[in-house]
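Please keep the sequence and the 3D view open while you read.

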Amino acid sequence: LPICLDPPVEAKGCFRIDHMLYDHGGFTEYGFKNLILWNRYAMTEGLSDEDWPDGDWNVTAGPWPVFDWYGPKMTPEDPGVRYLGPWAQYTFPQKEYSLEEQSFCQTGINCSMIPVAPTPRYLHSAVLYKTWEFQTHALKYLCNDNHACGDDCLHNLTCLGGLDYFQENFYFRSSVFALDDGGSIPPRSLAHVDCPRTCCTNRRICLRLTDVLGYRVPFNSPMMLIFGGKAYEHVKDPATGRLVYHNCERINKDDLREEWRSCSEVTVNELWRYDIVGNKWEYIKTDSATSPTTGEPVGWPLARFGHGAVIIEQLSDQSDDQKALFMYIFGGMGTQCA
């Protein structure tokens, strides 16, 4: 289908484009949500000035593109319409996952790609927790305990006096934010070497809206963390077109490549977060604690499977409305170190 006009249409100022995309094997509702609703880096890159300093994107805010999905719904508004009983099955674009690109995607490293969903796995750990509540945890510290503010006060500062609100805080009125353009989208994607830590750069509204990874985390929402386990890469035998993981025992010994000896199964040490209500996977690009003696990162847990994990909630000594959540992992089995 011709999707580009020749000659191209020239436009100045504000304009709107409606585009119809027809059924295609590479298009999924989850993928569209990830691109248009959740991670808008591709759009911010395309709409920003090419010579913007430091390679960051200077697009500030919408209006952003929206879409209507006419194909099979990933999650119907009322699950009871589609499913009978207590069980429901959800599928994700897991074939887009690449272990080679994920193995070294940690803080301080430029990652070539952040997948939108984890590859299938087993013998991993999975723990549940709930995000912070607006009234209990956010209203007091982010909205000055002003009960006239709604949960939109993280970006709508009207009830706090507008942008003058930032002048009340020594850090937020400092020269660090002199070039704040008021944007709410992180200029740096999670693939950037300095994200996390500085995903939002000097955007103060962005800092209020997102976590350290640049994700927007809904209030009072159940989340699941999964860590480690045994996974596999989606690699096919070119001779048969079959997935190596499912068919490697049928491959002739002389045709079995060295990298297939484990049936493409690997042990991983990734951490993923799943928004249960939003039906959304988020890759956690983990950081490391810093050694007080050497000033160097202390490292990351080794890849493992069959381990245990638990969520620990710790209240602050100063106030019971401040809490921190920790995930502890213990034991398990891993590959033998060389």
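Of the 338 residues in the chain, 36% are buried, where buried means under 20% relative accessible area, exposed means over 50%, and partly exposed lies in between (1.4 Å probe, protein chains only). This is a predicted model, in which local features need pLDDT of at least 70 and side-chain atom pairs count only at pLDDT 80 or more, while totals for chains, interfaces and linings use all residues. Residues are numbered from 1 along each chain as its sequence is written, and side-chain values use heavy atoms, with hydrogens and water left out.

**Overall layout**

The chain holds seven helices and nine strands; helices (H or I, at least four residues) and strands (E, at least two) are DSSP runs, numbered from the N terminus. Contacts, meaning heavy atoms within 4.5 Å, can be sorted by how far apart the partners sit in sequence. Among those between residues at least 6 apart, 62% join residues at least 24 apart. The chain exposes about 22000 Å², and carbon and sulfur atoms supply 54% of that area. Accessible areas come from the Shrake-Rupley method with a 1.4 Å probe, and for residues only the protein chains shown count as cover.

**Disulfides**

How many disulfides are there? The count comes to five, taking a disulfide as a pair of cysteine sulfur atoms within 2.5 Å. The table lists some of them.

| Disulfide | S to S distance |
|---|---|
| C143 and C153 | 1.7 Å |
| C195 and C199 | 1.9 Å |
| C200 and C206 | 2.0 Å |

The torsion about the S-S bond of C143 and C153 is about 50 degrees, so this disulfide is right-handed. The pair links distant parts of the chain, with both C143 and C153 in the loop between α5 (134-142) and α6 (204-209), 10 residues apart. The link of C195 and C199 is also right-handed, with 90 degrees about its S-S bond. For C200 and C206 the torsion is about -65 degrees, so that disulfide is left-handed. As for burial, C143 and C153 are both buried, C195 and C199 are both buried, and C200 and C206 are both buried.

**Backbone features around C195**

The peptide bond from C195 to P196 is cis, with omega near 5 degrees. P196 belongs to the loop between α5 and α6, and R197 is found in the loop between α5 and α6 too. R197 is not a glycine, yet its phi is positive, at about 100 degrees. With 57% relative accessibility, R197 counts as exposed. Elsewhere, C263 has a positive phi of about 60 degrees, although C263 is not a glycine; C263 lies in the loop between α7 (244-247) and β5 (265-267).

**A buried lysine**

What lies around K285? K285 sits in the loop between β7 (280-283) and β8 (308-315). Not counting residues up to four places away in sequence, K285 touches several residues, including C105, H192, C195 and P196. K285 is buried yet has no salt bridge, and the nearest side chain of opposite charge, D194, is 8.3 Å away. For charges, Lys and Arg count as positive and Asp and Glu as negative, while His and the chain ends are not counted. The side chain of K285 does reach the backbone oxygen of H192 at 2.8 Å. A polar atom of the K285 side chain also lies 2.9 Å from the backbone oxygen of C195.

**Salt bridges**

The structure holds 10 salt bridges, each a side-chain nitrogen of Lys or Arg within 4 Å of a carboxyl oxygen of Asp or Glu. D194 takes part in one of them, with R188, the closest N and O atoms being 3.9 Å apart. R188 counts as buried at 12% relative accessibility, whereas D194 is partly exposed at 35%.

The side chains of E265 and K230 meet in another salt bridge, at 3.5 Å from N to O. This pair links distant parts of the chain, with E265 in strand β5 and K230 in strand β4 (residues 230-232), 35 residues apart. K230 is buried, with a relative accessible area of 17%.

E282 and K280 also form a salt bridge, their closest N and O atoms 3.1 Å apart, and both residues are buried. They belong to a network of salt bridges that links D211, R273, K280 and E282.

Definitions and conventions. A polar contact is a pair of N or O atoms within 3.5 Å; within protein, one must be able to donate a hydrogen and the other to accept it, and residues adjacent in sequence count only if both atoms are side-chain atoms.
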